[in-house]
Amino acid sequence: MDQSELRDWEARCIQEEPPACRAACPLHVDVRAFMEAMAAGKTAAARKVLERTMPLPGVLGRICDHPCEAACVRWDMGGALAVGALERFCVENAQAGPKPLVLPAKGKRAAVLGAGLAALTVAWDLARKGYGVAVHFREDAPGGWLCGLPESLLPPEVLAAEVAVLARMGVAFAAGQALSRDFLASARSDCDAVFVEYGAGAAPDRACGLCPASRADVDPVTLAMAEPGPFFGGWPGPDGAFSPMSCAADGRRAASGMDRAMSGASLTAARDKEGACPTRLVVRTTGVPAVPRTVPADPRTGFSPAEAAAEASRCLSCECLECVKVCAYLERYQGYPKTYARRFYNNAAIVKGHHQANRMINSCSLCGLCTEVCPESFSMADLCLTARRDMVERGRMPPSAFEFALTDMAESDSEACALAMPAPGAETCGNLFFPGCQLAGASPDTVGMVYAHLRDTLPGGVGIRLGCCGVPGRWAGREDLFAASMARFRADWERLGRPRVVAACATCLKTLVEAAPDIPAVSLWRVLAGETGLPEGAARAAAEKRTLAVHDPCASRHDPQSQAAVRDLLFRLGVTVLEPPLTGRFTECCGYGGLMWNADPDMAKTVAGRRAGSAPGDYAVSCAMCRDMLWRAGNRAVHLLDLIFPGKGALPGPEVSAPAGLSARRRNRAALRRDILAAVFGRKEEAMEERDGPVVDISPEVLALLEERRILDVDVRAVVARAEVTGERFLDKATGRYLAAARRGNVTFWVLYESRDGAFTVHDSYCHRMDVPGASQGPDARTDQRGEDHP
Amino acid sequence: MSMEPAYLPDPGEWTCGRCGGPLVQSKVEVTYLGSVFAVILPACPACGLTMVPKSLAEGKMAEVEALLEDK
Amino acid sequence: MIPSAPPAPFALIAPGASPAGPLFLRPGFRAVAGDALRPGGLALTARGVGASGFSPGDTVADVGCGPGESLHYLRGLGLRAVGLEVRLRFAAEAAARVPGGVVLARAGSLPLRSGCLDGVLCECALSVFDDPDAALAEMARVLRPGGRLVAADLYRRDGPDGEEASGRGGCAAGAVSRSELTGRLSRGGLVPRLFEDHSRLLAELAGRLVFAGFSAADVGAALAGRRCAPGGSRLGYYLCVAQKEDA
């Protein structure tokens, strides 16, 4: 990712865009922060917010004509916030802050002709930047039209106090000056920049004085007429009245131009954020109750403190964070996509506690929900995948992040488990059933039944392909592994006569459609719903008349037809379908996607728990991994295929049993290949693993514990077998138990077991990646390989 | 001048299953991702078989692995 | 604190009781990190010194010299080296190793003439000075035009936008991003000639500390000065050689 790509990413996320009020304010007062402080009764803190951007805050806070109110998002939910009245309350009740900081003198001088609000704003801004400022005016005291305001609105002492602050900032005031053309000419030659306020030097024959009569006469960006010339500002509105904000805005813009002129910078570059500007921030207001504006009990005195706080509490605190609201993963890292893009670019990696730095990049589920809810369609999935590929390219991908899943994928594609067969008795097939690696592992019997049903009902011959679609490679940033997997798929497809692929897994389908658009592919659900119909056994499920919530797998997000087919099937199975709050296009991931469960198991648990928690009932799912994740989170999820193809049990209807564990899945895939070859194609194959080693007994409770640690029964058996052959093991005389180790691939496995009459019982197992010499010695220490070698 | 950290076996009367004798604390150099650390682990003085207790594997060792993977 | 014989039965080194303060002041840290008190030890010092091309007879100051391991090493290379250290305990240790070669002084006010040194060494110290800018200015001042500063220290790998400032008291209290560092150097008239990332050494030191009994959370917190929030920035370690511009 280069700098300009980063800018593109950052620009997409609108979280830092100003709320409508701030954008509409020519001075960009932080109205949101102001309201937050006011709502909490912290008037002093609120005043500090105003003082950050307002010139002459005591004056402007009282007379501000609040253009922000017209932009307030709450306008149709009870009325805009009474910003003006609250500003007034604030500056009347909170003490002024200290004199603003003044930068060291720059040695340049500016002359200001006129002393109204625009002129005083110029003086304020330039003095703060370290310029010498002298304000020249005709009257006895500064203020211009401010002096004409009613005392109830602007007490004279308030104006005087702000003028005094200006003086303390180093501004010089010269009263009683006749502002003639000559005066202006000498000011221009003596000083480095000049501001001429509307009305300065006005005389009976020169109504507007030295300043052009209308703002249309000057350049709207610079407020000057010609370079180098004076800067102008402070015009009244079309009705002849002076708008405080407009005058202050003119003053600020003119001062900015004068600052640029005096420091030799461009007068026009990068000025689009000056003054009121549009904002891209979008705020969702569905469900926000309309609360009417607070009206002061006594209109003469204005708000009471309680009323002010109540009115300020109506502020919606506009911000986006739409994606964070729907995603536990984005919530955890306490930022939002714009900050995440910046961090990923800087290879910053988020430190959570002390380590787990690259975990954020690796644990996004890539489900795409954030993209759906984002007004600008920011895609965390694209960002994270880019970052993962980048890490792999630079050799910085932590080995442990995805290793288990990649090993799993290699297993699925290994000789023992993979299969690509045409229709029985033929060389090719019109349809190719592709159950996917997880379903094959989790429900091998069901896969057999589905295949049989398809063979019975689809014309043109149905073949079968067992193996992985390769998406774990893509998710892990390993485009090389993914490409190899896809190449294998394509080779099988060509050999089998270019059939239509019938995919049981939404992720497989999505992957094929994206990576091999020329390979025709369709979901199993659409085939069952629209072509083959349901098998007879499905009637049993239909008799049960369940109510289930439907959980769409995140990969089906943009496949409404498959989602509809699932619902159609459920309906035909007599199921009353409930929709969870986030469903269809807005479905949530179960925690398996993107290999989140591998890179950050805790995060996956949280995500699954959140999905299970929002379920209006038990889920009906169409993906084996969704079932696994949701089941572990406490939801008794039912797979659609278990309803359509109920088991052979004596019980009526399908048994809802716990999903198969990791070890079982590995064995199941190999067994499935052998069973299909034998039952459908009449080819017998020897089971390879049964020849291995001694009888090792692992109780289901212990096995579940081990699988949490990603330790499989094959790993454990290999350790025990080796220990028994070599004698390399420790003995605990107190219990008679043995402790032995073997290194398989990048991991050393330790097993605690006992031996009785030639049978072995495993009590515990743990592992580590660090290489410890002496932990398992001997030349055969590395021969038990756990799948292929992955760096 | 630095001292290597020493780790005891987890509770039990541990002996070498092959040689039959008790274990002693031995200095071992463990490696991961190209970095080397000296630690003291229980080992058989006769055959050199070295033990990594579960508490160490799942504790400090896992933490150090994560630290290294991070950088 | 360091026993002379191998421990029996065991001697897990416990971290210091007080949770606050920089790592290098805690009991137990020295035993693990060695006298070098910093990632990379003398090997990294040698690399930096080698890259700067000092010759025997050159005058070099070790600012923040600690117990004096590098100072001793510099002397061994034939350099006319002086150590400056503000902590009395460390200065005394260094003086014992290199008699007459250590001065008690603050980095922000070096008791040395301007332009009198061929080189300055500053290892794992810049980020703990009260005023790193003043320290750098001083180091630039005492270097002759063309002289070299060898600096090795913690830095923030987030880049200039790293939002979280460290809490007070940690090792990384003053750690800044690379770009801020180069900015600081150039304000002092120092031009970077070499910048290498050695964050792996930091991880290894952290790993040794963890094995020694410090909790990984403590190590991270001590480095950063407070418990790192999920939004915190990542620390790294750098070696930099910068040259003072000719007048």
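The following legends describe close-up views of a predicted model.

**Figure 1. Helix H33 of chain A and its surroundings.** Helix H33 of chain A covers residues 713-726, 14 residues in total. From first C-alpha to last, H33(A) reaches 20 Å, close to the 20 Å expected at 1.5 Å a residue. Its buried residues are A:Asp713, A:Asp715, A:Val716, A:Ala718, A:Val719, A:Val720, A:Arg722 and A:Ala723. An α-helix has 3.6 residues a turn, so residues three or four places apart point the same way. After H33(A) comes A:Gly727, which has a positive phi, near 75°.

**Figure 2. The interface of chain B and chain A.** On the chain B side, 36 residues are in contact with 34 residues of chain A. The two chains bury an area of about 3,000 Å² between them, and carbon and sulfur atoms give 58% of this area. Of the area that chain B buries against chain A, 19% is supplied by B:Trp14, B:Leu49 and B:Glu69, more than by any other three residues. The size of an interface is often given as the accessible area lost when the parts come together.

**Figure 3. Polar and charged pairs between chain B and chain A, with the elements of chain B that take part in the interface.** Across this interface there are 4 salt bridges and 14 residue pairs in polar contact, with both residues at pLDDT 80 or more. In a salt bridge, the side chain of B:Glu69 meets that of A:Arg769, at 3.9 Å from N to O. Strand S1 (14-16), strand S2 (24-32) and helix H1 (54-70) of chain B each supply at least two residues of the side that touches chain A. H1(B) gives the largest share of that side, 11 residues. By class, the side of chain B that touches chain A comprises 19 nonpolar, 7 polar and 10 charged residues.

Figure 4. C:Ser70 lies in helix H3 of chain C, which spans residues 69-76. C:Ser70 has a relative accessible area of 2% and therefore counts as buried, the cut-off being under 20%. Apart from neighbours within four places in sequence, C:Ser70 is in contact with C:Arg38, C:Leu42, C:Thr45, C:Asp62, C:Leu121 and C:Glu123.

Conventions
Residues are numbered from 1 along each chain as its sequence is written. Chains are lettered from A and ligands numbered from 1 in the order in which they are written. This is a predicted model: local features need pLDDT of at least 70, side-chain atom pairs count only at pLDDT 80 or more; totals for chains, interfaces and linings use all residues. Side-chain values use heavy atoms; hydrogens and water are left out. Helices (H or I, at least four residues) and strands (E, at least two) are DSSP runs, numbered from the N terminus. The expected span of a helix is 1.5 Å times one less than its number of residues. Buried means under 20% relative accessible area, exposed over 50%, partly exposed in between (1.4 Å probe, protein chains only). Contact means heavy atoms within 4.5 Å. Buried area is the accessible area (1.4 Å probe) that two parts lose on being put together, summed over both. A polar contact is a pair of N or O atoms within 3.5 Å; within protein, one must be able to donate a hydrogen and the other to accept it, and residues adjacent in sequence count only if both atoms are side-chain atoms. Ala, Val, Leu, Ile, Met, Phe, Trp, Tyr, Cys and Pro count as nonpolar, Asp, Glu, Lys and Arg as charged, and the others, Gly among them, as polar.
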